[in-house]
Structures are given as structure tokens and as C-alpha cells.
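I opened the notebook to look up a few things in this model. My notes follow in the order I took them.

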Amino acid sequence: MMRTKDLSYWLFLAPVLLALSMVVIIPLLFGVYYSFTNWNGIDVGGFIGFENYLNVFKDKEFLDSLWFTIKFSVVSIILINFFGLALALIVTSKIRTNKFLRTIFFMPNLIGGLILGFIWQFIFIKVFAGVGQVFGIESLEGWLSTTQTGFWGLVILMSWQMAGYIMVIYIAYLEGVPTELIEAAEIDGANPFQRLRFIIFPLVAPAFTVSMFLTLSNTFKLYDQNLSLTAGGPYNSTQMVAMQIFKTAFGQSEMAYAQAKAVIFFLIVAAISLTQVYINKKREVEM
Amino acid sequence: MRRTKWPIEILGVFLGLLWLSPFYLMIVNSFKTKREIFADTLKLPEGFNFDNYIEAFAELDFLKTFLNSVLITVVSVVIIIVFSSMAAYALSRNKSKMSTIIFFMFVAAMLIPFQSVMIPLVTIFGKIELLNRSGIIFMYLGFGASLSIFLYHGTLSGIPKSMDEAATIDGANRFQIFWYIIFPMLKPITVTVAILNTIWIWNDYLLPSLVINQEGMETIPLKMFFFFGEYTKQWHLALAGLTIAIIPVIIAYFFAQREIIKGISEGAVK
């Protein structure tokens with residue numbers, strides 16, 4: 001047993017407590033404080049109450065970025081989970097290439113978002129245009145130069161990247177489904193669709209919650225891919241919240257104002273995460 | 001099971017090829033000249049010409065950039081492992097209210113997105129003159145400790161305290177008990193912690209761009225960003241650069257894919 005008054009207890013904890021305080025807790029507290037002032041990065045200026053916050057809600061660029069982020073997250077969550085589950089079902093059905101396929105589907109997750117965004121920039125701009133010209137498909141030309149193609153470009157990039165990640169989670173749950181159960185259903189004459197719908201889905205239900213929230217927190221906080229694929233363009237129309245905050249702070253040097261946006265961002269992300277914790281707890285009780 | 005599942009096998013292979021196609025296109029075009037890419041991005045290059053690679057390698061100052069990334073990642077990950085495992089040990093061997101509060105604080109910190117603390121963080125570290133390598137390693141400890149402590153704590157709760165007590169009777173002190181007896185038992189979770197933190201730190205762009213954005217200190221993502229900005233109209237060089245940047249990761253993946261996939265799924269499900 002280690003007692004709270006033991007020196008060793010505190011020595012073991014000291015390094016991480018110091019790091020967490022200096023890197024997360026103190027900046028967060030200062031950040032909340034600054035968001036109520038005229039802070040410009042050097043001087044605090046005056047205390048101005050909720051003025052920064054009121055301005056945020058009138059800031060069209062910020063609200064647009066928030067709306068874009070929400071739309072992007074919703075569409076991405078659906079596609080990523082659809083592909084993630086589909087890939088998981090494919091590689092867990094006893095096919096010969098399953099190990100090899102798992103490796104491939106998962107691979108994009110090891111590479112940084114910045115690099116992936118650059119690779120896809122080439123594909124959307126050059127390869128798509130090339131294919132479009134050869135086959136006379138006009139809709140493949142000019143990708144990433146419009147809001148629509150920028151949106152779908154980001155969705156495709158993220159689906160391609162994250163499907164393999166979510167696949168791994170679904171696999172973990174699918175492998176827990178007892179084979180006897182499926183075989184019994186097979187003998188009873190259930191077709192593959194029925195087996196999926198009535199046996200596999202209910203048993204992997206917890207995986208849906210985990211995967212949905214993992215995808216949500218990843219897409220909602222997206223920055224690197226956004227920066228390297230579209231850089232927010234054209235005309236900031238594909239700019240997401242994380243990038244908007246960065247731009248307000250380091251592009252326009254409006255530190256206190258950017259910090260107010262950052263606090264709002266924190267509240268949204270925390271609300272999402274707490275909802276997940278709540279749902280998980282509730283489910284554990286039911287089980 | 002007994003039957004061969006050809007339709008699924010074919011669908012799987014088709015999707016596998018589709019998933020690989022971005023890498024295929026990147027590699028194929030990285031061997032082309034500017035004119036060849038302009039003419040056609042789909043066909044194979046006229047020859048395997050390494051000129052693009054030689055130029056991109058030099059422009060990226062790749063050896064140095066690579067070593068910068070290795071230095072920051074390795075030191076940060078080692079520090080995270082050492083201090084997080086110790087902290088998790090203290091928290092698991094002291095069941096007081098204080099431990100509960102501290103543990104809760106680390107878990108709660110996981111909810112805070114980087115952007116919410118980014119601006120004051122940079123200002124504070126600027127004031128104490130820590131916008132350098134030591135500073136960024138310290139920051140990685142601060143951001144990485146939460147998940148690592150959480151993972152270690154889960155495993156440590158399963159290790160019986162009789163292990164500690166036996167060693168205490170033999171006269172070992174706290175540090176000896178932890179490092180000689182407990183830590184070796186944590187090896188599997190240490191691998192997971194190491195993998196999760198390595199992937200994240202190796203690929204991180206935003207923090208290095210704010211903290212060590214100086215000539216000669218750039219990590220791979222940081223250097224890649226500037227390189228790409230300069231060569232955005234010269235796809236042949238940009239693609240060779242991207243390929244070079246990815247090669248170390250692919251090699252690591254080739255050797256440790258089982259551990260990597262296992263580590264990621266453990267970290268995610270918990």
C-alpha cells in the first residue's frame with residue numbers, strides 16, 4: 001500500500017501532474033479567462049464580459065465553418081461506419097485473403113493526415129481530371145475547386161482512411177459472436193441477410209456506439225486533412241472549426257476572440273464525449 | 001466455412017485494390033517527368049527514373065528531417081512510458097480519495113480538444129522560453145499521459161498487491177518494487193502504449209508547427225508541408241517526396257503489423 005502522505009506517492013505522480021497542469025489545465029483556465037478580455041497575446045487589456053462570445057454568434061465565417069463541420073461529420077460517420085462494417089464482415093468471413101486485406105484496409109491510418117491529404121489532392125486534381133477527359137465525364141473535372149467537390153473530397157478521403165480503423169473495432173466484436181449461433185441459424189434455414197439482421201447486428205450493437213463516437217470525435221476535430229486537401233478553399237467554404245480557430249488566432253491575431261471560439265469548441269466536444277460516456281454507462285447497467 | 005466464398009473473396013480483393021489505388025497512383029507518377037504526368041496520370045512511366053527521388057530527398061534534407069522525427073518521437077514515447085506507468089502504479093496502489101480525484105482529472109483531460117488550449121499554451125511556453133525541442137517533448141508528456149495512465153491503470157488493477165508486499169518484506173523500496181517486479185509484468189500494455197503514442201507523435205503536424213517551426217528542427221510532417229507548398233505545381237517532385245515520407249512507416253508496419261493493429265483496437269475500445 002502506498003499512503004497519500006508517503007513521499008514516494010507524490011514522487012511517482014509529480015512528473016505527469018506537472019506536465020498535465022502546465023500543458024492542459026493552466027492553459028485551459030487562462031484560456032477561459034482570456035476569452036472574457038481584450039487579450040491580444042501580450043496584454044490582457046480590459047475585461048469585456050461576454051462581448052467576444054456574442055460576436056462569435058454573429059460571425060458568419062465561424063458559423064459557416066461550424067455548419068460545414070456538422071454536415072461533414074454526419075455524412076462521414078454514415079459512410080465510415082458503413083464501409084467499416086462491410087470491410088469487417090468481408091475479412092471475418094473465411095476467405096483466403098483475409099489477413100492480407102486487413103493489412104491493406106488498415107494501412108492509411110498509420111500515415112499522417114497531412115500526407116494523406118496531399119496524396120488525395122493529386123488524385124482529385126490530376127487523376128480525376130485525366131479520367132474525366134478520357135471518358136468524357138465532365139463531373140470529374142475541376143475537383144476541389146468548388147465547395148461541393150471539396151466537401152465530397154474530404155468525405156472520400158476520411159472514409160478511405162477511417163474505414164479500416166473502424167473495421168478493426170467491428171472485427172473485435174464480430175469475433176466474439178459464437179459460431180454455433182450462426183451455424184444453428186444456418187441449419188434452421190436463415191439466409192445470409194437474416195443471419196446478419198437478426199443475429200450478428202444485435203450482438204455487435206455495442207460496437208456501433210463505440211464506432212459512431214470515435215468517428216464523430218475524429219471528424220469533428222479534423223484539421224490536418226482539411227489543411228492539406230482543400231486548405232479551406234475555395235473562399236473558406238470548406239473550412240472546418242479547428243481551422244477557423246487557428247486562422248482567427250494566428251492569421252488575424254485576434255487572440256481573445258479566437259479563444260472564445262476555442263472555448264465554445266471545447267464545450268461542444270465535451271458535450272459529445274459526455275453523451276457517449278452516459279450512453280455507455282446506461283448500457284452497462286442494462287446488461 | 002467449408003464452401004469457398006468466391007463472391008466475397010472477389011469483392012474483398014476488388015476493394016483491396018481500390019484501397020491501394022491512391023498509393024499505386026502516387027508511386028507510378030512519382031517516376032514520371034513533369035511532361036508525362038501532364039499527358040497521362042494513369043499509364044505506367046516510360047522508365048524507372050530516380051531523378052525525382054534524388055531531388056526530393058535533397059530538398060527535404062530527408063536524413064536530417066527523419067532523424068529529427070526519430071529523436072522527438074523516441075524521447076517523448078520513452079518519457080511517456082516511464083512517467084505514466086509510475087503514476088498509474090501510484091494511483092492503483094493508493095485507494096484514497098486523492099487518487100480518485102487525480103485519476104478522474106487525467107481522464108477528464110482527454111475530453112479537451114487541442115485547439116481549446118493551443119493559444120494560451122503557445123503564449124505561456126513562449127514566455128518561459130520553451131518553444132523548442134525540450135518544450136515539445138514536455139508537451140507530448142502532458143497530452144499523452146492521460147490515455148497512457150488510463151491504459152496502465154486498467155492492467156495494474158489486475159496485478160495482486162501480494163506481489164508488492166512480498167517484495168516489501170524482502171526490503172525493496174518503492175522504486176525497486178516498481179521497476180524490478182511490476183514494470184516487467186506490464187510489457188504487453190507497454191507495447192500498446194508505445195504504439196499508440198508513436199503513431200500519434202510521429203504524424204503530428206500542428207504542435208510542431210507551433211513549437212519547433214525553425215530551420216533545421218523540422219519533423220517529417222512539418223517539412224512536408226513546406227516542401228509541398230513549394231512544389232505544388234510540380235507533381236513529379238511532390239509525389240516522390242510523399243513516397244519518401246511514407247516509406248519508413250510502411251517498413252515499420254511490415255514488421256509490426258500484428259502488434260500495431262492489436263494496440264490500436266485496444267486503445268480504441270477502452
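Contact first. I count two residues as in contact if their C-beta atoms, placed from the backbone, lie within 7 Å. The model is predicted.

**Entry 1: the interface**

I looked up how chain A meets chain B. I found 72 residues of chain A in contact with 72 residues of chain B. Next I asked which elements of chain A give two or more residues to the side that touches chain B. They are α1 (7–34), α3 (60–92), α4 (98–106), α5 (113–135), α6 (147–174), α9 (205–220), α11 (241–251) and α12 (255–286) of chain A. I noted α1(A) as the giver of the largest share, 17 residues. I then sorted the residues on this side of chain A by type: 55 are nonpolar, eleven polar and six charged.

**Entry 2: the nonpolar core**

I went to the largest nonpolar core. This core holds 158 residues. Which of its residues touch the most other members? I found A:Ile115, A:Met167, A:Tyr170 and B:Ala87. The helix that gives the most to this core is α6(A), with 14 residues.

I followed A:Tyr170 further. I set aside its neighbours within four places in sequence. What remains in contact with A:Tyr170 is A:Gly84, A:Leu85, A:Ala88, A:Val204, A:Ala207 and A:Ser211.

**Entry 3: chain B as a whole**

I checked the secondary structure of chain B. It comes to 13 helices and zero strands. The radius of gyration of chain B is 23 Å, well over the 18 Å that the globule rule gives for 270 residues, so chain B is more spread out than a compact globule. I read the span of its C-alpha trace along the principal axes as about 75 × 65 × 35 Å. Of the 270 residues of chain B, 43% count as buried. I also looked at contacts in chain B with a separation of 6 or more: residues 24 or more positions apart account for 78% of them.

**Entry 4: UniProt features on chain B**

I looked up the record. An unreviewed UniProt entry places "domain: ABC transmembrane type-1" at residues 66–256 of chain B. In the model I find this span to be 81% helix and 0% strand. Its end C-alpha atoms are 19 Å apart.

The unreviewed entry also lists "transmembrane region" for chain B at residues 7–27, 70–91, 103–125, 137–156, 177–202 and 235–256. I checked two of these spans against the model. Residues 70–91 of chain B are 100% helix and 0% strand, with end C-alpha atoms 31 Å apart. Residues 137–156 of chain B are also 100% helix and 0% strand. Their end C-alpha atoms lie 26 Å apart.

**Entry 5: α7 of chain B**

I took a look at helix α7 of chain B, residues 133–156. Where does α7 bend? I found a bend of about 45° at B:Ala145. I then checked burial: 18 of the 24 residues of α7(B) are buried, so this helix is largely enclosed by the rest of the structure.

**Entry 6: A:Ile200**

My last stop was A:Ile200, in helix α8 (residues 192–203) of chain A. Is A:Ile200 buried or exposed? A residue is buried if 20 or more other C-beta atoms lie within 10 Å of its own. A:Ile200 has 20 other C-beta atoms within 10 Å, so I put it down as buried. Not counting residues up to four places away in sequence, A:Ile200 touches A:Val177 and A:Arg195. I also noted A:Pro27, 173 residues from A:Ile200 along the chain. The C-alpha atoms of these two residues are separated by 46 Å.

Conventions. Residues are numbered from 1 along each chain as its sequence is written. Chains are lettered from A and ligands numbered from 1 in the order in which they are written. This is a predicted model: local features need pLDDT of at least 70, side-chain atom pairs count only at pLDDT 80 or more; totals for chains, interfaces and linings use all residues. UniProt positions are given in the numbering used here, feature names are shortened, and annotations may be inferred rather than shown by experiment. Helices (H or I, at least four residues) and strands (E, at least two) are DSSP runs, numbered from the N terminus. The radius of gyration is taken over C-alpha atoms; the globule rule is 2.2 Å times the number of residues to the power 0.38. A residue is buried if 20 or more other C-beta atoms lie within 10 Å of its own, exposed if 12 or fewer, and partly exposed in between; C-beta atoms are placed from the backbone. Ala, Val, Leu, Ile, Met, Phe, Trp, Tyr, Cys and Pro count as nonpolar, Asp, Glu, Lys and Arg as charged, and the others, Gly among them, as polar. A nonpolar core is a set of buried Ala, Val, Leu, Ile, Met, Phe, Trp, Tyr and Cys residues joined through C-beta atoms within 7 Å. The bend at a residue is the angle between axes fitted to the seven residues ending there and the seven starting there.
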